[in-house]
Amino acid sequence: EVVPESLRIEELAASPVRQPTLGMHMEAGLGAGAGSLDVHAAGSGALMDIGSSAMPAIAALRSHSRALQDQLSLRIVDQPPAKSVYRRNLKPNPSVVLAGDDSGVEGTLYVVPVLVENNGMTELPGKISGDSPIRITSGRVVAFKTLKVLVTSHQQHDSKLLLRFQLRRYHEENTTGPFDIISEVVSISMQVMSHSTQIKPKEQPMRAMVADIIPAWGGTTGDTRVAILGSGFVETSGLRVRFGTVQVVPIVHGPKTLICYAPPHPTSVVEVRVSNDGQRWSAGAGSFTFRPIKRRPELVDMTASDAPLPLDITRSILEAVDERQDGDTAMLT
């Protein structure tokens, strides 16, 4: 049908999940005795500046679009990755399936991905490649195998990005003619990085295990040399042994043995745990007892004049032995 006047619908509001087709953006122009009609989905708060003669055509399109919305819908089969690198194919490949009966559809159905900024749901035209419309029918799964994002999240004010898949009904066989949007589905948000090193997960150090503590006790003044037996000990800058709440740096004698010195601690029994990174502590723990230790008797300070000479000591020992032997002989006689 020839529409004699230009039609324009401007989208005034956008929402994360739009209800397509109820508002439309149409542009029609006269040329060579025939008009052209370009139909796009718009938000619910749209303004229309149209001629009265075009109202029947618009009403018919709206009525048919509402009916298709009730019977057809897109569903996501494979979501795009939560983290990706720009200018690389999204893997897993985002894919959708058409649910419903398309037997009564007039025109051809296609799926088109649109890149959207998560903050405000603003569309980003020209920021993806591999987004050519793909024809779809009921029950068919469509995958976008060469879809690439051409912008990073940082370039978009550190906003996450997402894909809005549109089910479009084209009124001609090609995808350059008029269309309206029957259904939409939105993917999860993506953090798009500039380099793959930014998305590689950091390797977590192995978690240590404590089996035994030797010795199991020491003085409250500290400095007791302690061997910790277990497994999973890794020589890292964050390797620590914890006596109760006090941490010390051990020496690694292999993946199963640590040597350290117990810290000063009040009299008590504490748990001993090991961490390879200073954050994730061993699930199992040993036990260490701090207790006071009695001081050894002090040695008598003997002056040089009082101290017996080695020869005098030897002579005294020999004389004592001789006296003992003489006494034993007298008893026998």
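Tyr-110 is buried, at 11% relative accessibility, where buried denotes under 20% relative accessible area, exposed over 50% and partly exposed the range in between, for a 1.4 Å probe and protein chains only. The model is a predicted one, in which local features require pLDDT of at least 70 and side-chain atom pairs count only at pLDDT 80 or more, whereas totals for chains, interfaces and linings use all residues. Residues are numbered from 1 along each chain as its sequence is written, and side-chain values use heavy atoms, with hydrogens and water left out.

Aromatic pairs were assigned to rings of Phe, Tyr and Trp (its six-membered ring) whose centres lie within 6.5 Å; planes under 30 degrees apart count as stacked, over 60 as edge-to-face and the rest as tilted. Tyr-110 and Tyr-170 additionally form one aromatic cluster with Phe-179.

Arg-242 lies over the face of Trp-281, 4.2 Å from the ring centre. Over the ring of Trp-217 sits the charged end of Arg-291, at 3.7 Å from the centre.

Strands (E, at least two residues) and helices (H or I, at least four) are DSSP runs numbered from the N terminus, and two strands are taken to pair if DSSP finds at least two bridges between them. Strands of a sheet pair through backbone hydrogen bonds, either parallel or antiparallel. An open sheet of three strands has the order S5-S7-S12 with antiparallel pairing. Its edge strands, each pairing on one side only, are S5 (72-78) and S12 (141-143). From one strand to the next the twist averages 30°, with axes being lines fitted to C-alpha atoms (for helices, over the stretch in contact) and angles running from 0 to 180 degrees between N-to-C directions. Three bridges connect strand S7 (residues 95-100) to S12, and Ser-95 has Ala-143 in S12 as its bridge partner.

Strand S23 (residues 257-261) is joined by five bridges to strand S19 (residues 225-231), the two running antiparallel. Within this pairing, Tyr-261 in S23 is the bridge partner of Arg-225. S23 also pairs in the antiparallel sense with strand S22 (residues 251-252), over two bridges, and Ile-251 stands opposite Ile-259 in S23. The hairpin of S22 and S23 has four residues between the strands, and Gly-254 there takes a positive phi near 120°.

Ser-183 is located in strand S15 (residues 179-186) and is buried, at 9% relative accessibility. Its side chain reaches the backbone nitrogen of Leu-74 at 3.3 Å. A polar contact is defined as a pair of N or O atoms within 3.5 Å; within protein, one must be able to donate a hydrogen and the other to accept it, and residues adjacent in sequence count only if both atoms are side-chain atoms.

Key:
A charge sits over a ring if NZ of Lys or CZ of Arg is within 6 Å of the ring centre and within 35 degrees of the ring normal.
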